[in-house]
Amino acid sequence: MAKRKKKSQNKSSKLLIYIAWSLASIALLLSVLLAGYYFGYENAQTDVIEQEQVKKDKRLELLKELKKSEKDKEKIVLKEEKKDNEEEVKKRLKEVIKTVPKDLVSATHEYEVTEIPKPPKAIKRKISITTGKPKLAIIIDDVCVRKQVKAIKNLQLPLTMSFLPPSSSRPNSAKLASKESFYMVHLPMEAMSFTAEEPTTLYIQDSQKKIAKRIDKIRKLFPKVKYINNHTGSKFTSNEVAMNRLINVLNSHNINFIDSRTTAKTKVPKVMKNYGLKYISRDVFLDHRMDKAYVKKQIKEAIRIAKKHGTAVAIGHPHKNTLLALKESKKLFDGIELVYINKL
């Protein structure tokens, strides 16, 4: 009996050991599975975050590309618009030129035809009290062909004609001037921007020798010249060094310079003062706009300035409406003395 009981207990102990090992194995297996799951989950979570970041980076890159593309498109559109505007300006310029009589077309000035800014204001002057009549000198620039000379002289007014130097398009300007007892030369000078540049323009970088050579030629072409004014010249007259060179040469030829004042930044007053010379400049542009009513209004303004300061200088051009306005304004000159520029 005792032996059976002992065997039974041994079997129970072995069974318990097996069960214990089995449970331990199962526990170990579960631990391994849980650990694998945990680490796998962590890795998977990291992968998901990285994938999301990659997607986010791609979206940002795409947005940048889209913005860049939009900017490029905008640049292209602006460039096209600018091109269209330039074409429109050229078209309108051609239309304006067509309205001017062919025999009165002369060198284009530096003001834009399609959008004309106000011309530079005249220099401030002191109010003068004169015993005689106020004097007004009217200069007609850009004279270069016979029809213009004839039209100006037909007005029977003492208007100072300023002739452009000869060129291929106006070979006879010097010959026409030689027949006049008094005239000026309208000297082409460098502008800030040109709509049409003259072939014999003086530039700010021109040396003293080159300027002297040019004025020598002008003197040979126009032997009676005593007065010169600038054609365009906003860049040249606003450069003190260039104007010093020119005035030095003109002074040696006993030629006076009249400032057309195509720029408010003109250095001519300062240069003339340094040379001890009298500064004379344009007070009024008569035909900054070419309609007759405007020219008449500017003639009245020139007369008003002459009466206030004793003298005034107006500049016009041989356009049809300018000449008609002068003809129809003759009675307005009764209260002043209309004179050539050398009588101021």
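Is K270 buried, exposed or partly exposed? K270 is partly exposed, with a relative accessible area of 45%, where buried means under 20% relative accessible area, exposed over 50% and partly exposed in between, computed with a 1.4 Å probe on protein chains only.

The model is predicted, so that local features need pLDDT of at least 70 and side-chain atom pairs count only at pLDDT 80 or more, whereas totals for chains, interfaces and linings use all residues. Residues are numbered from 1 along each chain as its sequence is written, and side-chain values use heavy atoms, with hydrogens and water left out.

**View 1. A salt bridge between E240 and K270.** The closest N and O atoms of E240 and K270 are 3.2 Å apart, and the contact counts as a salt bridge by the rule that a side-chain nitrogen of Lys or Arg lies within 4 Å of a carboxyl oxygen of Asp or Glu. The pair links distant parts of the chain, with E240 in helix α6 (residues 240–252) and K270 in helix α7 (residues 268–274), 30 residues apart; helices (H or I, at least four residues) and strands (E, at least two) are DSSP runs, numbered from the N terminus. By the same rule the structure has 9 salt bridges.

View 2. Because K292 lies in helix α8 (residues 292–309) and E328 in helix α9 (residues 320–328), the pair ties together parts that are 36 residues apart in sequence. Salt bridges that share partners join K292, K296 and E328 into one network. Both K292, at 30% relative accessible area, and E328, at 43%, are partly exposed.

**View 3. Strand β3 and its parallel neighbours β2 and β4.** Strand β3 (residues 184–189) is mostly covered, with 6 of its 6 residues buried. In a regular strand the side chains alternate between the two faces of the sheet. Here M184, H186 and P188 on one side and V185, L187 and M189 on the other are all buried, which leaves both faces of β3 covered. Strand β2 (residues 160–163) runs parallel to β3 and is joined to it by 2 bridges, two strands being paired if DSSP finds at least two bridges between them; F163 has V185 in β3 as its bridge partner. On β4 (residues 227–232), also parallel to β3, there are 5 bridges to β3, and N229 in β4 is the bridge partner of H186. The chain crosses from β3 through helix α4 (residues 208–221) to β4 in a right-handed β-α-β crossover, meaning that, with the strands pointing away from the viewer, the path from the first strand over the helix to the second runs clockwise.

**View 4. Aromatic pairs around F163 and F182.** The structure holds 4 aromatic pairs, for which rings of Phe, Tyr and Trp (its six-membered ring) must have centres within 6.5 Å, with planes under 30 degrees apart counted as stacked, over 60 as edge-to-face and the rest as tilted. One of the pairs, F163 and Y183, is edge-to-face, at 6.1 Å centre to centre and 85 degrees between the planes. Because F163 lies in strand β2 and Y183 in the loop between α3 (173–178) and β3, the pair ties together parts that are 20 residues apart in sequence. Both F163 and Y183 are buried, and ring pairs link F163, Y183 and F222 into a cluster. The rings of F182 and Y227 have their centres 6.1 Å apart and their planes at 70 degrees, so this pair is edge-to-face. F182 is buried at 18% relative accessible area, and Y227 is buried at 12%.

**View 5. Positive phi at D142 and R261.** Most residues other than glycine have a negative phi. D142, which is not a glycine, has a positive phi of about 65 degrees; D142 is in strand β1 (residues 135–143) and is buried, with a relative accessible area of 1%. R261 has a positive phi near 55 degrees, lies in the loop between β5 (256–259) and α7, and is buried at 6% relative accessible area.
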